[in-house]
Amino acid sequence: MKRVCKGCILAADKRGMRDCPFCRTPTPETDSQILAMVRKRVAAGDPVAIYFLGNQYEYGEYGLEKDVTRAVELYERTAELGVKE
């Protein structure tokens with residue numbers, strides 16, 4: 001998985017670039033836009049996105065209904081992919 005370092009993100013932010021410094025995708029503004037982007041990454045098997053979505057289900061954020069069972073499923077999938085958080 002490709003990642004952008006925090007220094008690159010900071011440099012882009014200082015230049016007024018509010019989109020993704022790696023792919024130039026505009027930053028989503030609504031919860032539904034954020035979830036759509038996250039779900040796209042989840043479908044691609046991105047462990048960081050899967051973990052993030054698990055957090056959202058655990059705490060009931062971004063308009064999702066709190067669902068600890070679903071969160072645990074996502075955390076287990078993340079662990080299978082090698083993430084140790």
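A crossing of two helices is left-handed if the near helix is turned anticlockwise from the far one by less than a right angle, and right-handed if clockwise. In this predicted model, local features need pLDDT of at least 70 and side-chain atom pairs count only at pLDDT 80 or more, while totals for chains, interfaces and linings use all residues. Residues are numbered from 1 along each chain as its sequence is written, and side-chain values use heavy atoms, without hydrogens and water.

The protein chain has a mean pLDDT (the predictor's confidence in each residue, from 0 to 100) of 85, with 89% of its residues at 70 or more. Confidence is lowest in helix H1 (residues 6-14), where the mean is 74, and highest in helix H4 (residues 68-80), where it is 95.

Helix H2 (residues 31-43) packs against helix H3 (residues 47-59) at an angle of about 130 degrees, the axes being 8 Å apart. H2 passes H3 in a left-handed crossing. In the contact (heavy atoms within 4.5 Å), Leu35, Val38, Arg39, Arg41 and Val42 of H2 meet Ala49, Ile50, Phe52, Leu53 and Tyr57 of H3. By class, eight of these residues are nonpolar, none polar and two charged.

The axes of H3 and H4 come within 8 Å and cross at roughly 160 degrees, which means that H3 is roughly antiparallel to H4. This crossing of H3 and H4 is also left-handed. The contact of H3 with H4 has nine nonpolar, three polar and three charged residues.

Terms used
Axes fitted to C-alpha atoms, helices over the stretch in contact; angles between N-to-C directions. Helix = DSSP H or I, 4+ residues; strand = E, 2+ residues; numbered from the N terminus. Nonpolar A, V, L, I, M, F, W, Y, C, P; charged D, E, K, R; others polar. Parallel < 35°, antiparallel > 145°, perpendicular 65-115°, else oblique.
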